[in-house]
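Here's a quick tour of a two-chain model, written for someone who likes cut-offs spelled out. Have a look at it first, then read on.

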Amino acid sequence: MIVEIGHILLIGALVISFIAGFSPLLRFLTKDNFYYMVIGPMNNLVCLFIFLSFITLIYSFLVDDFSVAYIANNSNTLLPTYYKFAATWGAHEGSLLLWIFCLCLWSTTYFFLNRQKDEEFVALTLSVLNQIIFAFIAFTLFTSNPFERILPIVPIEGADLNPLLQDFAFTIHPPLLYLGYSGLAVPFALSLSALISKKIDSVWAREARPWSLLSSGFLTLGIALGSWWAYYELGWGGWWFWDPVENAAFVPWLISVAMFHSLIVTEKRGIYKNWSILLSILAFAASILGTFLVRSGILTSVHVFALDPERGVFILAIFSYFILGSLIFYSFLNNKLPGRSTYNLASKEFGFLLNNVLLVILALSIMFGTLFPLIYEALNDGDQISVGAPYYEILILPFALALSILQGVGLYLSWSSTKQFNFLNRVAIESFSIFVILSLLVFFVFGKLSWGTFLAIAMFSWIFSGNLVDATYQSTQLQELKSILIKRFGMISAHLGTAFLILGVGIVTTFSLERDVVLEKGESYKLGNTHFIFKEMQEAKRLNYSFQSANIEIREEGLIDQISPEKRNYLSSNQVMTEAAIKPTLLQDYYVTLGEQVGDGAWSFKLQIKPFIRWIWFGAILIALGTFVSSYRHVKRL
Amino acid sequence: MHPLRKQRLYVVLSILFGTATAAFLVFKGLSENINLFYSPSDLKEEKISVDTQIRVGGMVKKDSINKENNSLRISFVITDFEEDLLITYEGILPDLFSEEAGIVAKGKINEGGIFIANEVLAKHDENYMPPEVAKTLKDKK
């Protein structure tokens, strides 16, 4: 019964979102403002329906209603309650409902923040959002309905949630990522609304900015969490694989970052209007394409849920409707957008331009590499290829370098034209000092240096001094310093975040140690300066799996810790899974994966040392923090 | 030059420069990092140089897994139901590697026609076959 209620609520939301989405057409025909006024309330009703529908699905998971196909395939009575809850978005159908719910949260937030504003503009924005909601509900209902029953024979037991997903990080990774993905619909809707009502000005730019910042922030957190999850859960110690699905989230992230930078210029100087609008369309396109890549199963990926061409065609139709449609609107409605100010090469405007050119070209090149296997297959009669990680590594390095250089000087460029260049001197001296100190420290800790590390430290020092040190140095009084730091907190935090991230990436890629070994009980292996000693094996059982675990002692000068990598056997699915054991410290992680028994009392192990890996995620958190603080300030200012 | 025109020139130049750099890197990256996929039957038909890194895939044959005691060396045979291919690998295998599982291996083929893998992938889902393998098996069956 509960399931049917959820199903009906979803159908109700489909109908109402359709009416809300196309209500402006009625307004156009009748000139009756009533058709604008109803959009807001209808939007909230859609949100309420989706919320309740989502709740019924969660409830059905909690009570193990295996008459529902989706639940039978993705849950199990043995599953701990918390994971039953999170299993709601453990596969395709439920995660789509989550996607829609996230979008509804955004549209309703938008409504409540803008109730008192320009009626037409708000109504148009909400109608675009409701068209998107409508399209995704239709997709869910017609191709991937989570409420579908298996009748008449109801299974007694469910198939279980993939053991890899039975993990805390997984439970919050999809919601964060989806908040980011769907959040990009808001700037998109604002752009369309501005195009239609011919209000592309700094007010529009100011309104679009917090939304693009928020989406960026959630994407950052979602991606970082996914990377962290892959690191400790997949058991290989990798933190980024250039997997199509990772790229599918990274590309919208890059474009959203480009977008909120471009919106700064549009707001302050009244230029780059066309570009900002185009970016908001591109960002939403990347967001749908991301969904498409994950859902359609056309690309090889660890994340692939479904292999169903019908879904692919449906999403392609949604994609064409929104993206081609908005591009047509754009080309007909944008042509009279005068740019006012002029600028020369050494100006903030040009700095932002370079930032955007770099970010967008990088995003498109990554997209190209991700889609290239498809193109190749189509052109070469079904020959299949994959594009290796080095492709992306070659690509990203020069772009990261150029963006870092910009980040270090961007703050001190003036609008229109920069007269004073003495900041270059200071930043150079400061960053050089930091560079020398850090290089010595790294050499002291690791006993070696490499080109990769040098480069990473150089980029770190440059960004660090350009954003923090020089601002500190310039202010003569504590009061002044405080006000600068508070005023620029969002930006400084995000920029320093990228600096820490780059430092972490540079060091972990050049200094990681890794070795597959066979150890007998009591035997030890020396990796770098660290001894790994295999003490003993244990066997036991937990709630829904049995496991074997090895006791490994880590020693350097003294004992560092004892850790226990596990090999689990999940009872309901009979699936074997390794659970790596990690000892994190500030400077490096010790990482042990248990292999299998390879002889009498001998086991294989993968031993790894991962220096500075934590700094990557620490950097990502700083970036997200920066975007959240900035967007909060912009919302308050609206 | 008129400032506005000069400004436009900067914009066009920087976009051109960025695009050219990216195009060069994309071209270079793709020419060096594409790994072609072969099924065991494809390998019988085509001669592949011993230096080329390729990917092969198929189903692990029953009773073909051969492990050495106290070592990480392993050999096994994959099949697409027409031809077989012997693969050797040294290291820890993924959890889902087992008899009759679909796998993909990356590596090079030696003069003796044995595939020396440096990476073996088995997907993390019991019902799931790597798409390439699924396609190969479907074609041959």
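## Ground rules

This is a predicted model, so to speak of local features we need pLDDT of at least 70, and side-chain atom pairs count only at pLDDT 80 or more, while totals for chains, interfaces and linings use all residues. Residues are numbered from 1 along each chain as its sequence is written, and chains are lettered from A and ligands numbered from 1 in the order in which they are written.

## Where the chains meet

Chain A puts 41 residues into the contact and chain B puts in 37 (two residues are in contact if their C-beta atoms, placed from the backbone, lie within 7 Å). On the chain A side, the elements that each supply at least two residues include helix 14 (348-379), helix 15 (389-409) and strand 10 (588-599). Helices (H or I, at least four residues) and strands (E, at least two) are DSSP runs, numbered from the N terminus. Helix 14 of chain A gives the largest share of that side, nine residues. By class, the side of chain A that touches chain B has 24 nonpolar, 14 polar and three charged residues. For the record, Ala, Val, Leu, Ile, Met, Phe, Trp, Tyr, Cys and Pro count as nonpolar, Asp, Glu, Lys and Arg as charged, and the others, Gly among them, as polar.

## A sheet in chain A

Chain A has an open, antiparallel sheet of four strands in the order 2-11-10-9. Strand 2 and strand 9 (581-584) of chain A are its edges, each pairing on one side only. On average, neighbouring strands of this sheet are turned by 20 degrees against each other, direction ignored.

Strand 2 of chain A is joined to strand 11 of chain A, antiparallel, by eight bridges. V518(A) stands opposite S604(A) in strand 11 of chain A.

## Helix 6 against helix 8

In chain A, helix 6 (residues 92-113) and helix 8 (residues 168-183) pack at about 55 degrees, with their axes 8 Å apart. That angle makes helix 6 of chain A oblique to helix 8 of chain A (under 35 degrees is roughly parallel, over 145 roughly antiparallel, 65 to 115 roughly perpendicular, and the rest oblique). Axes are lines fitted to C-alpha atoms, for helices over the stretch in contact, and angles run from 0 to 180 degrees between N-to-C directions.

Residues of helix 6 of chain A, among them W99(A) and W106(A), meet residues of helix 8 of chain A, including P174(A) and Y178(A). The residues of this contact split into 10 nonpolar, three polar and no charged.

## T140(A)

T140(A) lies in helix 7 (residues 119-143) of chain A. It counts as buried because it has 22 C-beta neighbours inside 10 Å (buried takes 20 or more other C-beta atoms within 10 Å of its own, exposed 12 or fewer, partly exposed in between, with C-beta atoms placed from the backbone). Leaving out residues up to four places away in sequence, T140(A) touches L96(A), L97(A), I100(A) and N145(A).

## Chain B

Chain B has three helices and seven strands, running α-β-α-β-β-β-β-β-β-α from the N terminus on. Of its 141 residues, buried ones make up 32%.

How values were computed. Two strands pair if DSSP finds at least two bridges between them.
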